Amino acid sequence: MDLFDNQIGRRIGADNPDASPEELQQIIKSKIENGEVLVMAPKAGEGSPPVITWSNKVSEADTESAAGVEVPLPGHR
C-alpha cells in the first residue's frame, strides 16, 4: 500500500514541478477523493486485520490512524 501511494506521490511531483505546496495539496486531495490511493479501513471485527481499500470506499473518519504511534527515524532514538 505504501509503495503504491508513494509512487502516486512521486508521479504528482514529477508531473507538477512548479506547483506550490497548496496546489500539490489540492491535487493529492483530488486523488484521495477520486479513489486513486489506498487506505486502511477499520478492522472487520475483534482480532481481524485492517482491510486495505481504495480511498473513496471509506470515509476519512473511518480510516485507520497511526496518530500517537512513534516511529523512530534512522539514526535517532
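One aromatic pair is present in this structure, which is a predicted model. The pair is edge-to-face because the rings of phenylalanine 4 and tryptophan 54 have their planes at 75°, with their centres 5.6 Å apart, and planes over 60 degrees apart count as edge-to-face. The two residues lie 50 residues apart and link distant parts of the chain, phenylalanine 4 belonging to helix H1 (residues 2-15) and tryptophan 54 to strand S2 (residues 51-54). The table gives the accessibility of both partners.

| Residue | Relative accessible area | Class |
|---|---|---|
| Phenylalanine 4 | 32% | partly exposed |
| Tryptophan 54 | 38% | partly exposed |

Helix H1 has 14 residues, which at 1.5 Å a residue should span 20 Å, and this agrees with the 20 Å between its end C-alpha atoms. Which residues of H1 are buried? They are Asp5, Ile8 and Ile12, and because they cover an arc of only 50° around the axis, they lie on the same side of H1. These buried residues pack against helix H2 (21-33) and strand S1 (38-41), whereas the face of H1 turned away from the buried side carries the exposed residues Asp2, Leu3, Arg10 and Ala14.

Aspartate 5, found in helix H1, deserves a separate description. Although aspartate 5 is buried, it has no salt bridge, and the nearest side chain of opposite charge, that of arginine 11, is 9.7 Å away. When residues up to four places away in sequence are not counted, aspartate 5 touches Val37 and Leu38.

How values were computed. Residues are numbered from 1 along each chain as its sequence is written. This is a predicted model: local features need pLDDT of at least 70, side-chain atom pairs count only at pLDDT 80 or more; totals for chains, interfaces and linings use all residues. Side-chain values use heavy atoms; hydrogens and water are left out. Rings of Phe, Tyr and Trp (its six-membered ring) pair if their centres lie within 6.5 Å; planes under 30 degrees apart count as stacked, over 60 as edge-to-face and the rest as tilted. Helices (H or I, at least four residues) and strands (E, at least two) are DSSP runs, numbered from the N terminus. Buried means under 20% relative accessible area, exposed over 50%, partly exposed in between (1.4 Å probe, protein chains only). Lys and Arg count as positive and Asp and Glu as negative; His and the chain ends are not counted. A salt bridge is a side-chain nitrogen of Lys or Arg within 4 Å of a carboxyl oxygen of Asp or Glu. Contact means heavy atoms within 4.5 Å. The expected span of a helix is 1.5 Å times one less than its number of residues. The arc is that of the directions from the helix axis to the C-beta atoms.
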